[in-house]
Amino acid sequence: MWVGIACAATSLATTRAGAEALLVIEAENGRVLYAQNAGQPWYPASVTKLMTAYVTLRAVKEGRLALDTPLTVSPNAVAQSPVKMGFGVGTVVTVDNALKMLMVKSANDMAVVLAEGVAGSIENFADEMNADARRLGMIQSSFVNPNGLPADDQISSARDLAILARALIRELPEYDYYWHLPGIRMGKIVRWNYNTLIGRYPGADGMKTGFICASGFNLVASATRNGRRLVAVVLGAPSSAARALKAAQLLERGFNTNTGMSWLMQPFSTVESVQPIAAAPPNLRDEMCGGHRKRPATEDEDDLVANNNPESPYAVFLASLRPAKAKGAAPLQEMGEPVLVYTGTKPPAPGAQASTESKPEKKKTAVIKPAAAKDKDKDGASATSAATSRAAPKPKPKATAAKDGAKDGAKDAGKDGASTAAASSGDVAAPKPKPKVRKDAAKDGAAASAAASDDASAPKPKPKKPAPAPPPMVVTPAADQSSQVK
């Protein structure tokens with residue numbers, strides 16, 4: 001496996017040494033195994049959602065709300081930029097489902113739903129985020145939103161993010177499940193975790209990715225072997241492939257520090273002792289999102305690279321990880337099964353189709369029964385309608401058919417078996433179906449004598465022996481395409 005990682009490293013583009021921050025620590029005691037620019041302020045991007053989850057789960061643990069508490073999607077949540085679930089205003093989602101969508105899909109709207117559900121507003125929630133950051137010793141961090149969307153004052157560092165990861169692992173072990181979900185499934189839509197080490201790198205068990213143009217590609221990743229859990233932080237990688245590779249290298253070296261690789265040890269002992277750097281966060285916008293890139297940098301570019309080119313360095317890197325099993329590591333998940341998420345407070349019934357990412361209208365099935373004839377006579381008076389929905393259709397007067405075009409009337413009558421729509425109030429010459437003899441006319445006992453008061457020459461249906469009514473026609477409207485997430 002190490003050979004595969006080393007080979008991939010030689011073929012993947014990397015940034016300048018000063019343009020990224022790297023850190024790997026032991027989760028149990030905070031001991032630093034390797035650090036590079038770990039005290040440099042950085043825009044955290046969606047790694048911010050680790051703090052959002054921390055504040056939310058502390059509120060759950062304190063009893064301020066529960067995992068099954070229903071939360072409502074607000075206009076403020078709907079207004080967030082992608083990536084998001086795309087639910088409409090008023091959609092209800094539980095805290096549990098919102099957390100799963102937050103951690104797997106990195107949904108910006110779900111971050112706002114949780115913030116408003118916990119603290120009433122984004123501003124109040126940011127105050128809680130900053131209070132918890134100070135309590136934990138995250139002295140370089142400040143938060144103004146719960147999702148990490150671009151903001152000048154949304155700042156952290158590799159040092160602070162490693163401290164936060166330790167707090168999540170040590171203070172909230174009962175919720176560790178949320179950090180390593182392989183994917184989520186909603187209806188027929190499946191979204192896989194952007195942390196591609198999960199299910200591939202031996203022992204990988206969390207945590208969160210992030211990307212905005214100013215920060216580059218960020219990742220906080222954890223892995224466990226032989227009961228020893230490490231946390232790696234990568235900030236400012238040039239691509240999602242490079243950040244996964246860097247994290248794997250850091251973790252691999254960290255697990256081998258006791259086997260002849262002591263040269264990785266730094267002069268400081270714990271993550272809290274990493275010295276903050278008094279500087280502004282680097283802005284990597286031009287490097288990450290400039291016109292020199294062949295395609296715009298995006299959080300989900302892993303899927304594009306690996307699926308479109310299985311021989312790409314990143315695809316080779318992933319393939320090198322899949323068969324590997326390091327000694328003492330948990331069995332590889334091979335991504336595992338995506339977990340079910342849904343809107344509302346109850347899961348969909350077994351066999352029922354769950355809602356998709358955007359709440360669609362329920363699929364309706366329209367049933368069209370043989371229509372009762374309802375036409376206008378020449379003087380504009382209404383003819384008598386049929387007694388029941390199965391009344392025999394009125395035969396078309398020969399003179400009218402000749403005048404208005406019997407050909408079109410015959411086509412519609414042959415397609416639907418009945419008149420497709422009532423004639424408009426001012427249209428005396430609306431097409432009518434050609435005369436047909438209905439077997440069920442005698443069953444209803446409805447006479448069609450009033451059907452053509454001025455058209456005595458119109459043929460009338462001859463009573464026949466009663467027969468079962470024809471089955472209703474079922475028309476299924478096309479699926480609503482507005483539910484697709486942008």
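**View 1. Five strands line up in an open sheet.** The strands of this open sheet run in the order β2-β1-β9-β8-β7, with antiparallel pairing. Helices (H or I, at least four residues) and strands (E, at least two) are DSSP runs, numbered from the N terminus, and two strands pair if DSSP finds at least two bridges between them. Strands of a sheet pair through backbone hydrogen bonds, either parallel or antiparallel. Before you look further, note that this is a predicted model, in which local features need pLDDT of at least 70 and side-chain atom pairs count only at pLDDT 80 or more, while totals for chains, interfaces and linings use all residues. Residues are numbered from 1 along each chain as its sequence is written, and side-chain values use heavy atoms, with hydrogens and water left out.

View 2. Eight bridges join β7 and β8 in the antiparallel sense. Look for K208: its bridge partner in β8 is V220. Helix α7 packs on the sheet and touches β1 (21–26), β7, β8 and β9 (228–237), where contact means heavy atoms within 4.5 Å. The direction of α7 makes about 145° with that of β9. Helix α8 (residues 240–255) packs on the sheet too, touching β1, β2, β7, β8 and β9, and its direction makes about 145° with that of β9.

**View 3. L23 sits in the largest nonpolar core.** How many residues does this core have? It has 98, and L23, M110 and L197 are those with the most contacts inside it. A nonpolar core is a set of buried Ala, Val, Leu, Ile, Met, Phe, Trp, Tyr and Cys residues joined through side-chain atoms within 4.5 Å. Helix α7 gives the most to this core, with nine residues. Leaving out residues up to four places away in sequence, L23 touches several others, including V32, Y34, A162, V233 and L250. Apart from this core lies another one, of five residues, among them A45, I155, I212 and A214.

**View 4. G148 is tucked into a loop.** You'll find G148 in the loop between α6 (122–136) and α7 (158–171). Is G148 buried or exposed? It is buried, with a relative accessible area of 3%; buried means under 20% relative accessible area, exposed over 50%, partly exposed in between (1.4 Å probe, protein chains only). G148 and A45 are 103 residues apart along the chain, yet their C-alpha atoms are separated by 4.3 Å. Not counting residues up to four places away in sequence, G148 touches A45, T48, Q154 and I212.

**View 5. One disulfide links C213 and C289.** The structure holds one disulfide, meaning a pair of cysteine sulfur atoms within 2.5 Å. Here the sulfur atoms of C213 and C289 are 1.9 Å apart. The pair links distant parts of the chain, 76 residues apart: C213 is in the loop between β7 (204–212) and β8 (216–225), and C289 is in helix α9 (residues 285–289). C213 counts as buried at 18% relative accessibility, whereas C289 is partly exposed at 30%.

How values were computed. Axes are lines fitted to C-alpha atoms, for helices over the stretch in contact, and angles run from 0 to 180 degrees between N-to-C directions.
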